[in-house]
Amino acid sequence: MHRRTFIQQSAIAGLACWSDLPEDPLLGHGEFRYRLNREWCLGNTALFPVKNCHELAMDRRGRIFMTTDETKNNILIFNKDGKILDSWGHDYPGAHGLTLHDENGEEVLYITDYERHEVIKTRLNGQVIRIFGWPADSGKYPEKSSFKPTETAIAPNGDLLVADGYGLDYILQFSPDGVLKNMFGGPGQLKNAHGIALDNRNPARPQWLVSSRAENQLKRFDLNGELLETIELPGAFICRPVVNGKNIYFAVLISELPWDSGTGYIAILDENNRMTSAPGACTPHYDSEGRLNTMYQTIKAFRHPHDVLVDEHGNLLVTQWNSGGVYPYFLERVA
Amino acid sequence: MMKYPLLVLIAFVPLAVAGQQKLKLAPPKVREYTAFFLEKSTLQLEFALDGAEIWYFKQGDSLAEKYTRPLVLEKSGEIKIWTRHPDFENSDTLVLPFFESKYFPAESSFLTNPDSLYAGTGAKGLFDLKQGSRDLHDGSWSGFRGDSVVILMSWKKKVKPRMVLVSEFDSPSAWIWPASGIEVFGRNNQGNWEKTGEWKNESGQVKHTAPRVFQTVSLGKMPYKTYKILVRTNGRIPANFPGEGSNAWLFIDEILFQ
């Protein structure tokens, strides 16, 4: 039970002593330690049900958007205190990836739906602006059902990058009006290309960062799709990388197979792409040759984390897949 | 007069207990382990969390012990392992069985071929003491999807094992179910098959408590040179499970004669 809930319930009962409560132990390592709050959102699950909670994005007003494959409300909108402000969306049975992008002053959303085999661009109120369909003219996709997009990212020139993480593992580059311009990755280079992010930590040399989840790797590509580097992260089935400041954050769905093993955790890489903290997992350790030890879950704080949102204070929000229909967890940064 | 204090107690206790609810630890990380061995097996564990300890209880011992170094097992049995930390709830207990093997067939073959996607290394791969990982493509697993699987094996002279163990995978979310029955036959001097052992899941219920299933079948006392094992798949996946109505997969990584 979290303190906030405890205070609320204690006030009702008029009982219990605050000082008797032990502090929850911190999660994480080094400078990145957090106190877990599993009751950040105390929403009414009858009114706002969720199944798998996939991804998160925050708009400039501080509202947090989340995709879930529950078609009663595919998009839930929270404030920073975990209150559910609004919801919309009934037509996204495979609502998965979520990218928020400012386009000439208007913030828009890109929702990937692997069941519809489409990427849908919407306004923040849910109004559909454009649908990016399956790449029939690519020569790689014989049928619509083979395209199962999981994630998007926006290129510096405004192009849309789509990771086909549940399909054929290509990264597809579309112009803003939906013309396929380039493809890279694919089965020879990526295995379960679940997430993609623009890594602009070096503004002079922006690159694509793609998770090859089943290989426990992050791969770096230049903006033309040339593979530059593979970052080995054994024991990390990475959902999508999130670039924030000089760090990369990501949810690790599981640390070992099978896919429903419930062995997930969160990971944070430093500016050199070395794992520096792993809330819920063992201490990251590199040997003399620079290889990371195989990571594994130590604390059952999460089951199957799927995405991380970093707020302006360095706190984290974490969504989870296949974890009992829970709302996002909040990790307050304390170090 | 007594009503109020009683109500206060009822209201207070659940809150206080709930307020001290701890996060749970994960079980130890198993770094080295093989369930099947000829002479001895080594168990190496790890748990890199400050202040945490690994504990184990070996079948036949009287007390649990703190794990400090790799353990060497020389007999069939099982070890229970778990983690402890004062700030967390103890982990679930993992039970790791160990099986000593004494009988290796000179020849083996499938009378029912595995699915081409999961062909493993052929029938000999089921008698190599190599345990499959959780990656079903690691070459140790043979995957089947029909009604039953038949495997033939023979020795250079007659052998009299007391039991057969079939090591299987169980993952209902991946449509993989354990066997529903196993029959073992020996070929007599007249060339006829005689049933020498049988196990059947009489209830039809599967609990799915662990991803690994080690199913044993006791055998009769007659020795044979040639044995035949028939393993029945679970058939169609029952209602309310992923893949409902489809044929369940059966995955086997090892067959052991003891």
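Tutor: We will take confidence, then sheets, then cores, then one serine.

Student: What should I know before reading any value?

Tutor: This is a predicted model, in which local features need pLDDT of at least 70 and side-chain atom pairs count only at pLDDT 80 or more, while totals for chains, interfaces and linings use all residues. Residues are numbered from 1 along each chain as its sequence is written, chains are lettered from A and ligands numbered from 1 in the order in which they are written, and side-chain values use heavy atoms, with hydrogens and water left out.

Student: What is the mean pLDDT of chain B, and where in chain B is confidence lowest?

Tutor: pLDDT is the predictor's confidence in each residue, from 0 to 100. Chain B has a mean of 89, with 92% of its residues at 70 or more. Confidence in chain B is lowest in helix 1 (residues 3–19), at a mean of 38, and highest in strand 5 (residues 65–66), at 98. Helices (H or I, at least four residues) and strands (E, at least two) are DSSP runs, numbered from the N terminus. Over residues 1–20 of chain B, pLDDT stays under 50, and the model has 15 contacts for them beyond four places in sequence. Contact means heavy atoms within 4.5 Å.

Student: What does chain A average, and what is the pLDDT over its residues 1–20?

Tutor: The average for chain A is 93, and 93% of the residues score at least 70. Residues 1–20 of chain A have a pLDDT below 50, and this stretch has 33 contacts in the model beyond near neighbours in sequence. For the complex, the predictor gives an ipTM of 0.89 and a pTM of 0.83.

Student: How do I read a sheet, and which strands form the open sheet of 4 strands in chain B?

Tutor: Two strands pair if DSSP finds at least two bridges between them. In chain B, 4 strands form an open sheet in the order 10-17-12-15, with antiparallel pairing. Strand 10 (142–144) and strand 15 (212–218) of chain B each have a single partner strand, so one side of each is left without a neighbour in the sheet. From one strand to the next, the twist averages 35°; axes are lines fitted to C-alpha atoms, for helices over the stretch in contact, and angles run from 0 to 180 degrees between N-to-C directions. Within this sheet, strand 12 (residues 163–169) of chain B pairs with strand 15 of chain B over 7 bridges in the antiparallel sense, and S167(B) has F214(B) as its bridge partner.

Student: Which strands stand at the edges of the open sheet of 5 strands in chain A?

Tutor: The order there is 1-2-25-24-23, with antiparallel pairing. Strand 1 (27–29) and strand 23 (305–310) of chain A are the edge strands, each pairing on one side only. The twist in this sheet averages 20° from one strand to the next. Strand 24 (residues 316–320) and strand 25 (residues 329–333) of chain A run antiparallel and are joined by 3 bridges, with L317(A) partnered by F330(A).

Student: Which residues have K80(B) as a bridge neighbour?

Tutor: K80(B), in strand 7 of chain B, stands opposite F57(B), and its bridge partner in strand 8 is V95(B). Strand 7 (residues 77–84) of chain B is joined antiparallel to strand 4 (residues 53–58) by 6 bridges and to strand 8 (residues 94–100) by 5 bridges.

Student: What is a nonpolar core, and which members of the largest one touch the most others?

Tutor: A nonpolar core is a set of buried Ala, Val, Leu, Ile, Met, Phe, Trp, Tyr and Cys residues joined through side-chain atoms within 4.5 Å. Buried means under 20% relative accessible area, exposed over 50%, partly exposed in between (1.4 Å probe, protein chains only). The largest core has 63 residues, and L233(A), Y249(A), F250(A), Y265(A), M275(A) and L43(B) touch the most other members. Apart from it lies another core of 25 residues, including M153(B) and Y227(B). M153(B) and Y227(B) are also bridge partners, in strand 11 (residues 148–159) and strand 16 (residues 224–232) of chain B, which pair antiparallel over 8 bridges.

Student: Is S212(A) buried or exposed?

Tutor: S212(A) is buried, with a relative accessible area of 0%. S212(A) lies in strand 16 (residues 207–212) of chain A. Beyond four places in sequence, its contacts include Q189(A), K191(A) and K219(A). The S212(A) side chain reaches the backbone nitrogen of K191(A) at 2.8 Å.

Conventions
Polar contact = N/O pair within 3.5 Å; in protein donor to acceptor, adjacent residues only side chain to side chain.
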